[in-house]
Amino acid sequence: MSDVRYFNQEIETLGRNELDELVDERVKYTVDYAYRNSPFYRKWFDKYNINPSDIQSHEDLLQLPIISGDTIRTNQPPGTKNFDFKSVDWKDVFTVHETSGTSGIPKSFFLTWEDWERYAEKYTRSFTSQGFGPDDRVVVCASYGMNVGANTMTLAARDIGMSIIPEGKCTFPVRVITSYEPTGIVGNVFKLLRLAERMKKEGLEPSESSIERLVVGGESFAEESRNYLSEVWGCDVYNTYGSTEGTMCGECSAINGLHVPEDLVHLDVYDPRMNEFVNDGECGRIVFTTLLPVGSKCGTLLLNYDTEDTTVVRTRDKCSCGRTHMKIENPQREAETFWIQGTPFNRVDIERGVFQRENIEYLTGEYESFLYGGEEEGETTMRVSLECHDPANCDQEVVRENFLKSFFHYKPALEQAYYDETFNIIFNFTGSGELEFYRIKGRPKRVVDRR
Ligand SMILES: [Zn+2]
């Protein structure tokens, strides 16, 4: 356990007014940098007849249009001759990255060495806030390669003085744990649950292993699944959120929201029509703006970029960990939000139903669900498939009841539709390895809309 509470104490504990002033200074510099160096933003400001010097504060960002992943895709080859978002000369580009996204067409990102250092600092702060220090050894199960996450975490370790075991996947042999006695693992909820199962089969109880903390990220999850992971491993589980765009945020030791490194990452939360900022405490869409320290260079910067994720600003007050930077709730993917008869639900709502504590006595936690149109107009059927430890000894009635109670908790309209039989939920209990997603390569699709 490290005694160092901060990586960059002055910045991380800056008072609210000074922090806002710093943000405004960096908004101004970043907008100006964009106009001078990014072919896309130069055309964009001219096209909308906006003078970059009119953008003086973070509130002024509201006057600028919002761009999306598609904007990046259409302003790079083959859509345009050059990469119009690239905002430095090739001689300053250190690495090139691509993110696939949902459409399959990759977005290109160009990182300078300075970008790498700033990206790494975000993770350094977050690891430090989670109690990691020079005595720690961390297995990174995030993939190395075109994604920046694993590499940036590795670079962050240099500044903390901790050791990294760069496995890249969570399928490493159990001997890695017994041989090197790592104190932490970075992975995702399901992969860490599967790893725990493998360890148990080989006679190593995860809670009795060398692991002292887990860091999860890469996708949103239900609080229930985090709690279960924490129980299985007998340690704290910290959440991180981040992307190649540079939106790294991390949970501190308080474990109640992710700190946004406000001096480097500017997040605005917009209403569904993308017209106004929502109030703190209200759910909205995350719109991201890169913040550059005055005088610095950046390979790809983004102003008002729609992340297609939603969140809630939990607080801008000082945290019990001493940090002043705002905290947000675990972001959810808009692409994983589905509508039934005018009511939205997210994949996480299904996951919450699966991970009800009593259910996990019978279920492995692996699940998938499918939405179908019904026989009658406006009817919807949801089939939820649940993997059981032992289908013959699964109390299906208990699982069903817990699931429905949790799923309908904040959705009275859907509950009504369920009793009116315009919304049906069919449960399907399977044995180990029988879910459909096991037969498909890549990240499991937990909700498939077949309407
Ligand atoms: Zn904190």
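## Glu329 and Arg314: a bridge between charges

In this predicted model, Glu329 and Arg314 form a salt bridge, and their closest N and O atoms are 3.2 Å apart. The partners come from distant parts of the chain: Glu329 sits in the loop between E13 and strand E14 (332–333), while Arg314 belongs to strand E12, 15 residues apart.

Are these two residues buried, exposed or partly exposed? Glu329 counts as partly exposed, at 30% relative accessibility. Arg314 is partly exposed as well, with a relative accessible area of 41%.

How many salt bridges does the structure hold? There are 37. One of them joins Glu12 to Arg323, with the closest N and O atoms 2.7 Å apart. Here too the chain brings distant parts together: Glu12 is in helix H1 (residues 9–12) and Arg323 is in the loop between E12 and E13, 311 residues apart. Glu12 is buried, with a relative accessible area of 2%, and Arg323 counts as buried at 4% relative accessibility.

Next, look for Arg316 and Asp280, whose side chains meet in a salt bridge (2.8 Å, N to O). Arg316 lies in the loop between E12 and E13, and Asp280 in the loop between strand E10 (265–270) and strand E11 (283–290), so this pair ties together parts that are 36 residues apart in sequence. Arg316 is partly exposed, at 34% relative accessibility. Asp280, with a relative accessible area of 39%, is partly exposed too.

## The zinc site

Now find the zinc ion. Which protein atoms are its donors? They are the SG atoms of Cys252, Cys319 and Cys321 and the NE2 atom of His259, lying 2.1 to 2.3 Å from the zinc ion. The angles among the four donor atoms run from 105 to 116°, and the site is tetrahedral. To count as tetrahedral, four donors need all their angles between 85 and 135 degrees, so the zinc site meets that condition.

If you trace the donors along the chain, they follow the spacing C-x6-H-x59-C-x1-C. Cys252 is in the loop between strand E8 (249–251) and strand E9 (258–259), and Cys321 is in the loop between strand E12 (305–315) and strand E13 (327–328), so the two tie together parts that are 69 residues apart in sequence. Both Cys252 and Cys321 are buried.

## A buried charge without a partner

Asp60 is worth a look of its own. You will find Asp60 in the loop between helix H3 (39–47) and helix H4 (69–74). Asp60 is buried yet has no salt bridge. Where is the nearest side chain of opposite charge? That side chain belongs to Lys28, 8.7 Å away.

Most residues other than glycine have a negative phi, and most peptide bonds are trans.

Start with the peptide bond from Pro77 to Pro78, which is cis, with omega near 5°. Pro78 lies in the loop between H4 and strand E1 (95–99).

Next comes Ile255, which is not a glycine but has a positive phi, near 45°. Ile255 is found in the loop between E8 and E9, and at 25% relative accessibility Ile255 counts as partly exposed. Finally, Gln341 also has a positive phi, of about 45°, although Gln341 is not a glycine. Look for Gln341 in the loop between strand E15 (337–340) and strand E16 (343–346). Gln341 is partly exposed, with a relative accessible area of 39%.

## Two domains

To finish, step back to the whole protein. The domain assignment gives domain 1 (1–330) and domain 2 (337–449). Taken over C-alpha atoms, the centres of domain 1 and domain 2 are separated by 30 Å. How many residues from each domain take part in the contact? Domain 1 gives twelve residues and domain 2 gives 13 residues.

Definitions and conventions:
Residues numbered from 1 in each chain as written. Predicted model: local features only at pLDDT ≥ 70, side-chain atom pairs only at ≥ 80, totals over all residues. Heavy atoms only, no water. Donors = N, O, S within 2.8 Å, 3.2 Å for Na, K, Ca; no water. Tetrahedral: all angles 85-135°; square planar, octahedral: opposite > 155°, others 65-115°. Helix = DSSP H or I, 4+ residues; strand = E, 2+ residues; numbered from the N terminus. Buried < 20%, exposed > 50% of the residue type's maximum accessible area, 1.4 Å probe, protein only. Lys, Arg positive; Asp, Glu negative; His and termini not counted. Salt bridge = Lys/Arg side-chain N within 4 Å of Asp/Glu carboxyl O. Domains from an automatic or database assignment. Contact = heavy atoms within 4.5 Å.
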